[in-house]
Amino acid sequence: DFCKTPDVICSSEEHSELKWIAGLYYWMKEVQEYNKDGWYYKTELHKFVNSGMKDMSFIDAVSGIVNRGCHNPPCATGDVDGLHDRRSNFQKVLRAFKLLSRNGSRPSATKTLPPIPAPGVFSLPNGETTSSNYDPKLFNAFLHRLSSRRLVLEEKVLSYEATTMGSEGSVVYVQSDLYTFDTLMESVAYAYMIGHAGKRFYVGSTITAADVQSTPDLRYGLVNMAAFLAQSQNEGIKGNACDEYHLDSIDGKYPISNSCGQFGNNYQDYECSHKGMQCPVESNMIATAVLSGKYADSSLHHDYRPNFYCGPDEEFTGAYDPDTMLDVIGPFANSQGRTDVKGCCFWGRGALLTKGTCMLGKLNHYLGKEAANSGRMAMFPDVDFCRNPEDICRHIKRYPTIVWDIAFFEWVERIQEYDDGNFNYQLALQQFVDGGMQDPSFINIVSKIVAKGSASAEGTIPFSQQKSNHFNLLMEHLQLKDPTPLVTWDTSSGQRYIPKLSTLVSQLFTVLFLGVPYLFTSL
């Protein structure tokens with residue numbers, strides 16, 4: 001509570017980053033957006049850079065804003081305190097950034113900045129603006145709902161099954177230290193407010209009509225979140241693992257070549273529609289999984305499974321027998337017939353176990369080293385998702401949100417946008433909610449898309465029933481399951497149908513009469 005205990009900004013040991021967050025928040029709100037009496041910060045910043053970074057009147061004006069509240073002191077509150085020190089510090093930082101030489105001259109030939117954006121609109125790297133399809137009221141309501149369910153989500157969703165040591169080996173659920181609520185919230189905020197590859201995570205819509213007060217309708221967004229978490233819960237979270245681990249057994253044994261693909265998939269063959277975006281497969285790549293979660297703990301004998309790895313040296317790899325806890329020597333094929341691990345470094349990582357040459361290539365293009373090398377904004381500029389994909393899990397301490405970020409990227413890029421002519425995810429989501437959130441085919445088809453890449457995939461979908469169970473429980477955890485939808489969609493026009501007030505009253509009376517709990521917030 002910054003009002004009752006403002007000193008927490010300086011004193012908090014749990015959130016030492018608050019000192020920076022408070023400063024950055026102030027800078028973004030009060031300095032970057034400063035626009036008074038013909039002096040606009042961004043315009044003056046561009047002028048300062050383009051004119052050679054020599055005119056110190058720029059930093060003097062900024063010091064006035066920070067220290068006295070105006071760009072042309074002395075203001076009503078007086079002269080700037082420490083003006084010369086502030087100017088000197090600014091020049092030191094410019095030299096540290098190699099923007100000025102020791103003698104104060106500007107480095108040779110740098111490009112001038114692009115046209116200055118108009119006040120109040122800040123361009124994003126995907127070409128949108130911060131106001132495009134962005135609804136602060138809706139998103140705040142979405143975050144509030146998630147925050148209000150924090151305890152149940154941490155206990156029931158963001159936890160994994162572990163076995164205690166001892167003669168009986170009882171099962172306990174342990175809260176994940178990898179998939180935390182705080183990192184989830186930070187990551188979903190980025191996925192909505194900034195977005196990935198020009199797309200935002202869908203958090204719902206706002207009802208607007210002449211006879212209905214404008215209000216956030218969270219059901220669609222919360223179901224989208226429930227679907228995302230249900231898949232994540234059965235992929236990375238249940239093993240508290242960043243790296244994919246052995247799940248696909250052949251005759252009761254785990255082929256070492258599972259790192260090439262499990263359940264009939266071959267991760268090296270995942271192609272993008274834009275060929276140049278996918279990662280190249282190089283047979284000399286070497287990688288070993290570093291965070292396989294509870295399955296990497298050899299003390300838990302019945303659960304132990306060896307880490308995935310890839311490398312060029314072995315002509316063939318064997319298998320691991322969990323019954324005898326011994327390696328099987330000799331060629332042993334996975335479900336796709338692979339008996340080696342050459343070039344097989346593209347196994348799943350993160351909450352959704354994002355895998356394959358296509359999706360990892362897209363991550364590199366939009367979020368990773370390729371983006372940074374091209375001069376574009378990159379969340380993870382030193383992570384090469386193609387040449388060193390294991391950096392995802394190796395850099396968890398540096399990038400604690402990365403396990404969620406790559407999952408949200410895959411979700412908005414591959415799942416939310418899915419449309420094969422027969423199944424459109426966004427339309428199916430709307431129909432599922434409008435139909436009372438009862439039809440199990442919705443989450444089952446989503447599980448097919450996540451696991452196999454196609455809504456019409458045939459054969460067994462791994463853990464489909466578990467994902468369906470997780471999804472239903474998540475809707476309860478998020479306080480969904482509204483028995484009668486207040487808002488439906490006209491599928492022919494794509495427009496919402498909002499019932500008249502008399503219809504709402506009638507529905508409400510019926511529900512109350514039957515004694516069914518009703519979600520008043522949806523009104």
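Which cysteine does a disulfide join to Cys272? In this predicted model, the partner is Cys358, with an S to S distance of 2.1 Å. The link is right-handed, with 120° about the S-S bond. Cys272 sits in the loop between S7 and S8, whereas Cys358 belongs to helix H10 (residues 357–366), so the bond ties together parts that are 86 residues apart in sequence. Cys272 is buried at a relative accessible area of 4%, and Cys358 is buried at 10%.

The structure holds 6 disulfides. Counting bonded cysteines along the chain, their pattern reads 1-2, 3-12, 4-8, 5-10, 6-11, 7-9. One of the disulfides pairs Cys310 with Cys345, the sulfur atoms being 1.9 Å apart; this link is right-handed, at 95° about the S-S bond. Cys310 lies in strand S9 (residues 309–310) and Cys345 in the loop between strand S11 (326–328) and H10, so parts that are 35 residues apart in sequence are tied together. Both Cys310 and Cys345 are buried.

Cys70 and Cys75 also form a disulfide, with their sulfur atoms 1.5 Å apart. Here the S-S torsion is about -75°, so the disulfide is left-handed. Cys70 is buried at 11% relative accessibility, as is Cys75 at 19%. By contrast, Cys3 is exposed at 73%, and Cys10 is exposed at 62%.

Asn265 is found in the loop between strand S7 (254–255) and strand S8 (287–288), and is buried, with a relative accessible area of 12%. Its side chain makes a polar contact with the side chain of Tyr270 (3.5 Å). Among the residues that Asn265 touches are Cys260, Gln336, Ala451 and Lys452.

Conventions: Residues numbered from 1 in each chain as written. Predicted model: local features only at pLDDT ≥ 70, side-chain atom pairs only at ≥ 80, totals over all residues. Heavy atoms only, no water. Helix = DSSP H or I, 4+ residues; strand = E, 2+ residues; numbered from the N terminus. Buried < 20%, exposed > 50% of the residue type's maximum accessible area, 1.4 Å probe, protein only. Polar contact = N/O pair within 3.5 Å; in protein donor to acceptor, adjacent residues only side chain to side chain. Contact = heavy atoms within 4.5 Å. Disulfide = S-S within 2.5 Å. Lists of a residue's contacts leave out its neighbours within four places in sequence.
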